[in-house]
Amino acid sequence: HTCALDESGGVHCWGSNSSGQLSVPADLPAAVSVSSGGYHTCALDESGGVHCWGYDSNGQSSVPADLPAAASVSAGRYHTCALDVSGGVHCWGYDDYGQSSVPADLPAAASVSSGGYHTCALDESGGVHCWGYDDYGQSSVPAELPAAVSVSAGRYHTCALDESGGVHCWGSN
């Protein structure tokens, strides 16, 4: 499924609705971003609140009550992660591969991306950090990776954009 945000903060979704992932809550406040996961959807509202709906068998749509104000949210296959306004990463949902277990030594993050069964974060100095499932090398950040400005975790691969516009990908090809 796919979701988009309109100019007034409304969320619109289309595609498969097998788990209610298209059913945007009627009481959803105006959103500033939206993220489509495997079978669930999450949105970030103007005050930093995270709202998720759809498939929830692993708790991926159950936003923790103690989640601080968020700056972004990323819905993965069966887990969700949010970046708080202080650069902290918080994840919940499926964790059989450690994708929801944020490393204790993770530096302050600038962004987070939830993949299939792994998660990656970009730190404030351009370093990429990944954890979780790694059978295809998707969590093994290449040592020669230059400073990045963006990272995106896919199902079994990860890509990063470096400061000079170069794209670097690793994992399943």
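The legends below describe close-up views of a predicted model.

Local features are given where pLDDT is at least 70, side-chain atom pairs count only at pLDDT 80 or more, and totals for chains, interfaces and linings use all residues. Residues are numbered from 1 along each chain as its sequence is written, and side-chain values use heavy atoms, with hydrogens and water left out.

**View 1. The open sheet β12-β13-β14.** Three strands, in the order β12-β13-β14, form an open sheet with antiparallel pairing. Strands are DSSP runs (E, at least two residues) numbered from the N terminus, and two of them pair if DSSP finds at least two bridges between them. β12 (148–153) and β14 (167–171) are the edge strands, and each pairs on one side only. On average, neighbouring strands of this sheet are turned by 15° against each other, direction ignored; the axes are lines fitted to C-alpha atoms, and angles run from 0 to 180 degrees between N-to-C directions. Between β12 and β13 there are five bridges in the antiparallel sense, and a hairpin connects these two strands through three residues. Ala153 stands opposite Thr158 in β13. β13 is also joined to β14 by five bridges, again antiparallel, and the bridge partner of Thr158 in β14 is Trp170.

**View 2. A nonpolar surface patch at Val149, Leu161 and Val167.** These residues form a nonpolar patch on the surface, with about 250 Å² of accessible area together. Patches are made of residues with over 30% relative accessible area and no salt bridge; like charges are joined within 9 Å, and nonpolar side chains (Val, Leu, Ile, Met, Phe, Trp, Tyr) within 5 Å. A salt bridge is a side-chain nitrogen of Lys or Arg within 4 Å of a carboxyl oxygen of Asp or Glu. The areas come from the Shrake-Rupley method with a 1.4 Å probe, and for residues only the protein chains shown count as cover. Leu161 is located in strand β13 (residues 157–162). Leu161 counts as partly exposed because its relative accessibility is 32%; buried means under 20% relative accessible area, exposed over 50%, and partly exposed in between.

**View 3. The hairpin of β7 and β8.** Strand β7 (residues 79–84) runs antiparallel to strand β8 (residues 89–93), and five bridges join them. Ala82 has His90 of β8 opposite. Four residues lie between the two strands of this hairpin, and Gly87 in the turn has a positive phi of about 90°.

**View 4. The open sheet β9-β10-β11.** This open sheet has three strands in the order β9-β10-β11, paired antiparallel. β9 and β11 stand at the edges with a single partner strand each, so one side of each is left without a neighbour in the sheet. Neighbouring strands here are turned by 20° against each other on average, direction ignored. β10 and β11 pair over five bridges in the antiparallel sense, and Leu122 stands opposite Val128 in β11.

**View 5. A cluster of tyrosine rings.** Ring pairs link Tyr39, Tyr55, Tyr78, Tyr94, Tyr97, Tyr117, Tyr133, Tyr136 and Tyr156 into a cluster. Rings of Phe, Tyr and Trp (its six-membered ring) pair if their centres lie within 6.5 Å; planes under 30 degrees apart count as stacked, over 60 as edge-to-face and the rest as tilted. By this rule the count is 14 aromatic pairs. One of them is Tyr97 with Tyr117, an edge-to-face pair at 5.7 Å centre to centre and 75° between the planes. This pair links distant parts of the chain, 20 residues apart: Tyr97 is in the loop between β8 and β9 (109–114), and Tyr117 is in the loop between β9 and β10 (118–123). Tyr97 is partly exposed at 39% relative accessibility, whereas Tyr117 is buried at 13%.

**View 6. The ring pair Tyr133 and Tyr156.** The ring centres of Tyr133 and Tyr156 are 6.1 Å apart and the planes are at 55°, so the pair is tilted. Tyr133 is in the loop between β11 (128–132) and β12, and Tyr156 is in the loop between β12 and β13; the pair links distant parts of the chain, 23 residues apart. Tyr133 is buried, with a relative accessible area of 16%, and Tyr156 is partly exposed, with 25%.

**View 7. Ala65 in its loop.** Ala65 is in the loop between β5 (50–54) and β6 (70–75). Ala65 counts as exposed because its relative accessibility is 89%. Its C-alpha atom is separated by 33 Å from that of Asp135, 70 residues apart along the chain.

Notes. Buried means under 20% relative accessible area, exposed over 50%, partly exposed in between (1.4 Å probe, protein chains only).
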